[in-house]
Amino acid sequence: MTSSQFTTLIHEQTLELEAYAIKFTNDLDDAKDLLQDTILKAIRFYGKFEEGTNLKGWLYIIMKNTFINNYRKNIKTQLIVTQEDEISYANLMRSATKNGSETTFVLGDIKGALAKLPVHLSIPFVRYVEGYKYHEIAEELNIPLGTVKTRIHEARKQLARMLKMYKQRMN
């Protein structure tokens, strides 16, 4: 049997193969893709087909194996790759580029440096980092607005000195 005769026999099976593909995919577009993949593989492996073998059965086996392989590949891709328009914070937390132990050390160093600050500097600074406005901090601590700004500035300078190793890493 020639290659063109083989191709003709395959194309005679396309309607039945398409119905079979729809049963697998439950989607017409996906079924057409599966049918196309099956036909391409059958033509590519024409040399392995033995005359007298049930062509329809051979094509069904190719289709079934193609579907299973594609399904497995899609499952692996979905497990590895986030397929969302926006990557959420939860997905970023699972990122392979994030080093959790390094973050733990950095946070520990920051907490330690904050603990070394005098209370009159640490309280206004922490309130500011928490999102309070200067005037809210001044009211809470019952001190002038300028004093709040000075203490936050001084706290920043001292923290920068204590954490200078991280600044050098960033440059």
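I started at asparagine 142, which sits in the loop between α8 (134–141) and α9 (145–162); helices here are DSSP runs of H or I, at least four residues, numbered from the N terminus. This is a predicted model, where local features need pLDDT of at least 70, side-chain atom pairs count only at pLDDT 80 or more, and totals for chains, interfaces and linings use all residues. Residues are numbered from 1 along each chain as its sequence is written, and side-chain values use heavy atoms, leaving out hydrogens and water.

Next I checked the backbone of asparagine 142: its phi is positive, near 60°, though the residue is not a glycine. Most residues other than glycine have a negative phi. Asparagine 142 counts as exposed because its relative accessibility is 71% (buried is under 20% relative accessible area, exposed over 50%, partly exposed in between, with a 1.4 Å probe and protein chains only).

Then I looked up asparagine 26, in the loop between α2 (14–25) and α3. Its phi is positive too, about 60°, and at 67% relative accessibility asparagine 26 is exposed.

On to the rings. I found six aromatic pairs (rings of Phe, Tyr and Trp, the last by its six-membered ring, with centres within 6.5 Å; planes under 30 degrees apart are stacked, over 60 edge-to-face, the rest tilted). Phenylalanine 67 and tyrosine 71 make a stacked pair, 6.4 Å centre to centre with 25° between the planes. Both lie in helix α4 (residues 55–80), four residues apart, about one turn of the helix. Which residues form one aromatic cluster? I noted Tyr20, Phe24, Tyr60, Phe67 and Tyr71. Phenylalanine 67 is partly exposed, at 23% relative accessible area.

Key
Helix = DSSP H or I, 4+ residues; strand = E, 2+ residues; numbered from the N terminus.
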